[in-house]
Amino acid sequence: MDYDFSFNVVLQFLPYLLVGLRNTVLIGLIGILSATTFGVIVALARVSRFRPLSLSAAGYVAFIRATPLLVQIYFLFYGLPEFGILLPPFVVAVLALTLNSGAYAGEIIRAGIESIHKTQYEAADSLAMTYRQKMTYVILPQAFRKIFPPLVGQASYLVKDSALVSVMGTLDLTKSATTFQAITFRPLEAFLPTMGLYLFIILVLIYGSSFLDKRLRKW
Amino acid sequence: MAIVEVRDVHKHFSQLHVLKGISFEVDVGETVVFAGPSGSGKSTLLRCLNGLEKIQRGSIMVDGLPVHDHKVDLLEVRRRIGIVFQQFNLFPHLTVLSNITLPLIKAKGVEPERARGLAMDLLGKVGIAEKAHVYPGNLSGGQQQRAAIARALAMEPKVVMFDEPTSALDPELTGGILEVMAALAKEGMTMLVVTHEMGFARRAANRMIFMDDGLIVESGKPEELIEIPRQERTKRFMQEIGDR
Amino acid sequence: MDLHSWIRDYGSGDAMEPFSGDVLLITRTLFVLYFTKGLPVTIYLSLLGFITAMLLGFVVGLIRFLRVPIIRDLLQAYVDGMRGLPFLMVLYFLFHVLPFFDIRLTAFATAVLALTLHTGAYISEIVRGCLLAIPKTQHESAQSLALNLRQRLQYVIIPQAVSLSLPPLAGQSVLHIKDTSVVSIIALAELTRVGRIQMQTNGEPLLTYAILALFYFVLCYPVLKLSIGLEGRIARKFR
């Protein structure tokens with residue numbers, strides 16, 4: 001082995017790392033929020049009784065699940081300008097992750113909604129609630145309690161997937177590591193801290209999700 | 001000649017002291033029924049006899065082999081003492097016939113042809129010969145239990161244990177299983193049976209042991225324990241059973 | 001621009017937003033290139049990577065299930081590492097670090113290695129989960145019938161675990177196929193990379209990536225449906 005690991009180099013990498021970390025965390029948080037919101041919409045569309053809507057939603061989810069995220073990212077990044085829509089890479093990144101994760105989140109939420117027993121719907125209806133009131137105050141809160149753990153799991157996937165936005169030049173955690181590596185040819189000093197950070201964030205989310213799963217079961 | 005010797009056996013499940021000094025012997029050909037309230041340790045006791053559970057104190061001998069000695073071959077012990085579980089525990093991915101021939105071929109080294117013959121004989125004996133090539137999932141509870149009994153008997157054990165064999169069955173199927181067991185007892189098989197079925201105890205058992213809270217409270221002829229129990233706890237239990 | 005002029009000008013090579021150039025020709029070229037240059041590599045990567053991942057995952061899952069001391073903790077660290085990292089990072093790491101250790105692999109070999117390690121970790125989780133799902137009573141039955149550990153695993157536990165594992169394995173294979181698109185980043189000529197290069201030469205990103213998506217869809221959707229179907233069948237069998 002011909003490698004001289006140097007902590008000095010790690011210190012040099014630190015500024016890049018922090019910028020990347022900040023961006024990844026930002027993309028992650030915004031992405032999770034918008035993906036969840038979008039997921040609710042997708043889920044409601046899927047369970048809707050209006051056939052064209054539920055079928056289109058089903059088709060959309062199938063498309064997202066059967067195509068790689070990278071292809072979806074390229075499609076948006078290079079395709080949107082063709083329609084005259086010019087967005088900064090950061091926004092395209094969040095958009096791509098939202099559309100992708102939102103579909104998966106939608107499936108999770110849909111499963112949660114469908115697991116709510118019909119009697120709850122009947123009770124809400126007999127209390128003269130409108131569709132909006134019913135969903136907002138009775139169905140969705142119960143569904144959310146059940147699906148919170150798997151949603152946290154989905155959040156971990158989103159953070160993992162966010163690494164791909166580096167291909168568009170977005171300066172996220174991955175991009176900061178590869179840029180530094182390209183300049184200094186010191187992969188270990190760049191990648192090891194980066195991987196450590198990813199591990200920390202993602203494993204916390206993954207184990208957090210199973211912890212929540214067990215805690216909420218008892219509830 | 002005692003084929004099962006249990007001396008001062010204690011068992012703990014972490015903090016819980018489940019068996020608090022059990023001692024008894026079973027002779028060849030005897031049928032012993034264990035009765036008692038839930039949690040008295042009856043099932044745990046059976047499971048200690050074939051090494052499924054470990055004991056912390058005391059000793060258990062089955063057919064001359066010390067079950068909990070670390071030098072003993074547990075597989076050999078298990079060839080000599082069989083068990084029929086409350087939930088049947090058949091292998092769902094194998095046919096009834098394969099359920100029986102698998103241990104014969106693999107654990108006893110019997111040739112496949114002979115194993116099949118033995119298995120079919122036993123299936124006939126318990127009354128489900130026509131179900132040999134059926135999967136357990138397609139059988140009724142009673143049929144599954146018969147298969148489980150055949151499976152245990154196929155190993156030609158010296159002792160067979162029954163852990164609440166009819167508790168998971170619908171009432172109308174219970175009788176059939178008890179008949180099979182009674183016939184077995186009559187043929188001279190050494191049997192240890194945990195059950196609530198007092199009718200069976202009267203008919204087929206030589207002895208009944210009443211357990212409560214990890215201890216043997218009373219033991220003797222089944223009719224005696226049922227009709228004229230000496231201990232207060234035994235009396236109360238029999239009354240409760242009778243009321244059901 | 002009215003329909004008449006559009007038909008007249010079609011194929012003349014004049015720039016017409018959003019489609020410029022001869023759409024049919026580009027489409028045909030794309031299909032041919034994807035089919036002959038990209039698809040074989042993607043399929044090969046997917047199959048080879050998945051098979052080796054299954055072998056690795058099965059061994060790791062079994063060892064973790066058997067709770068072999070020390071090795072189990074090492075393997076746990078490996079699995080956690082793979083689950084907690086983006087696949088792209090695993091790929092970059094192997095690609096850039098291995099040469100420093102005098103291990104020079106081709107891009108293809110690096111890709112297969114990365115895919116194997118990454119997917120293998122997930123498969124080992126599936127294997128371990130399915131082995132754990134077999135009820136303790138099955139172990140007890142087998143033990144009571146004097147079957148030793150190897151026989152128990154071989155004839156009772158593993159056969160049951162296998163049918164349980166088919167749906168999640170099918171689902172994992174879809175994820176695996178999608179991961180192969182990431183290896184395009186280390187310049188391996190599979191479907192996505194062909195698409196990227198083509199887009200740069202023909203200047204039609206929408207068309208190029210739409211057809212690319214179609215190829216992946218045709219590849220993945222049947223497997224996806226299979227996995228959902230299997231889930232239903234297995235659930236019914238284990239009532």
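In chain A, 81% of the contacts with a separation of 6 or more join residues 24 or more positions apart; a contact here means that two C-beta atoms, placed from the backbone, lie within 7 Å. The model is predicted, so to speak of local features a pLDDT of at least 70 is needed and side-chain atom pairs count only at pLDDT 80 or more, while totals for chains, interfaces and linings use all residues. Residues are numbered from 1 along each chain as its sequence is written, and chains are lettered from A, with ligands numbered from 1, in the order in which they are written.

The order of its elements from the N terminus on is accordingly α-α-α-α-α-α-α-α. The C-alpha trace of chain A spans about 75 × 50 × 25 Å along its principal axes. Of the 219 residues in chain A, 42% are buried, a residue being buried if 20 or more other C-beta atoms lie within 10 Å of its own, exposed if 12 or fewer, and partly exposed in between, again with C-beta atoms placed from the backbone.

Chain A and chain B, by comparison, are joined by no contact, and their closest C-alpha atoms lie 23 Å apart.

The contact of chain C with chain A takes 32 residues from chain C and 34 residues from chain A. On the side of chain C, two or more residues each come from helix 3 (71-83), helix 4, helix 8 (191-202) and helix 9 (205-237). Helix 9 of chain C gives the most, with 10 residues. By type, the side of chain C that touches chain A divides into 23 nonpolar, five polar and four charged residues; Ala, Val, Leu, Ile, Met, Phe, Trp, Tyr, Cys and Pro count as nonpolar, Asp, Glu, Lys and Arg as charged, and the others, Gly among them, as polar.

Chain C also meets chain B, where 18 residues of chain B are in contact with 15 residues of chain C. Helix 2 (74-80), strand 6 (81-84) and helix 3 (96-107) of chain B each supply at least two residues of the side that touches chain C. The largest share, four residues, comes from helix 3 of chain B. This side of chain B comprises 10 nonpolar, five polar and three charged residues.

Two packed helices are described by the angle between their axes and the distance between the axes. The axes of helix 4 (residues 87-97) and helix 5 (residues 107-133) of chain C come within 9 Å and cross at roughly 135°; axes are lines fitted to C-alpha atoms, for helices over the stretch in contact, and angles run from 0 to 180 degrees between N-to-C directions. Helix 4 and helix 5 of chain C are therefore oblique to each other, given that angles under 35 degrees count as roughly parallel, over 145 as roughly antiparallel, 65 to 115 as roughly perpendicular and the rest as oblique. The residues of this helix contact divide into eight nonpolar, two polar and no charged.

Elsewhere in chain C, Ala142(C) lies in helix 6 (residues 136-144). Ala142(C) counts as buried because it has 25 C-beta neighbours inside 10 Å.
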